[in-house]
Amino acid sequence: CAYRRNCRFLDNDNYSDWRSSMHDEEVRAWLEECQDFLQMRFYFDAGLGTFDTLDGNIPAAHLAPGAPPMPPAAKRPRF
């Protein structure tokens, strides 16, 4: 579904086993090229009942030229 829509996807799997056994060459190439940018990993703390995405560091080469920097996580709006 994320491949057809070329959108972000929420999952903690690293897909290494999927990439090696995937028969669809286009989907495999898309996953290999875009996974780091489009995959959103998460953490659920059952004790506190909280859910957070684990936002990593996206390499500057993947960002739009001239884009304003993201504010620190503490200042980002929470939805």
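A search of the whole structure, which is a predicted model, finds zero disulfides.

**Confidence**

The mean pLDDT of the protein is 76, with 73% of the residues at 70 or more. Among the elements, strand β2 has the highest mean pLDDT, 87, whereas helix α2 has the lowest, 74. Over residues 73–79 the pLDDT stays under 50, and for this stretch the model has five contacts beyond four places in sequence. Where pLDDT is low, the predicted coordinates should not be read in detail.

**Elements and sheet**

The protein has three helices and three strands, which follow one another from the N terminus in the order α-β-α-α-β-β. The three strands form an open sheet of mixed pairing, ordered β1-β2-β3, in which β1 and β3 are the edge strands, each pairing on one side only. Strands of a sheet pair through backbone hydrogen bonds, either parallel or antiparallel. Here β1 and β2 pair in the parallel sense over two bridges, and Phe9 stands opposite Gln39 in β2. Helix α3 lies across β1 and β2, and runs at about 50 degrees to β2.

The residue ranges of several elements are set out below.

| Element | Residues |
|---|---|
| Strand β1 | 9–10 |
| Helix α2 | 16–21 |
| Helix α3 | 25–38 |
| Strand β2 | 39–45 |
| Strand β3 | 50–54 |

**Core and contacts**

Buried residues make up 15% of the 79 residues in the protein. The largest nonpolar core consists of eight residues, namely Ala2, Phe9, Tyr15, Met22, Val27, Trp30, Leu31 and Leu38. Helix α3 supplies the largest share of this core, four residues. Phe9, the residue opposite Gln39 in β2, is also one of the core residues. Met22, another member of the core, touches Val27, Arg28 and Leu31 when residues up to four places away in sequence are not counted; of these partners, Val27 and Leu31 belong to the core as well. Considering the contacts in the protein with a separation of 6 or more, 48% are accounted for by residues 24 or more positions apart.

Definitions and conventions. Residues are numbered from 1 along each chain as its sequence is written. This is a predicted model: local features need pLDDT of at least 70, side-chain atom pairs count only at pLDDT 80 or more; totals for chains, interfaces and linings use all residues. Side-chain values use heavy atoms; hydrogens and water are left out. pLDDT is the predictor's confidence in each residue, from 0 to 100. Contact means heavy atoms within 4.5 Å. Two strands pair if DSSP finds at least two bridges between them. Axes are lines fitted to C-alpha atoms, for helices over the stretch in contact, and angles run from 0 to 180 degrees between N-to-C directions. A disulfide is a pair of cysteine sulfur atoms within 2.5 Å. A nonpolar core is a set of buried Ala, Val, Leu, Ile, Met, Phe, Trp, Tyr and Cys residues joined through side-chain atoms within 4.5 Å. Buried means under 20% relative accessible area, exposed over 50%, partly exposed in between (1.4 Å probe, protein chains only).
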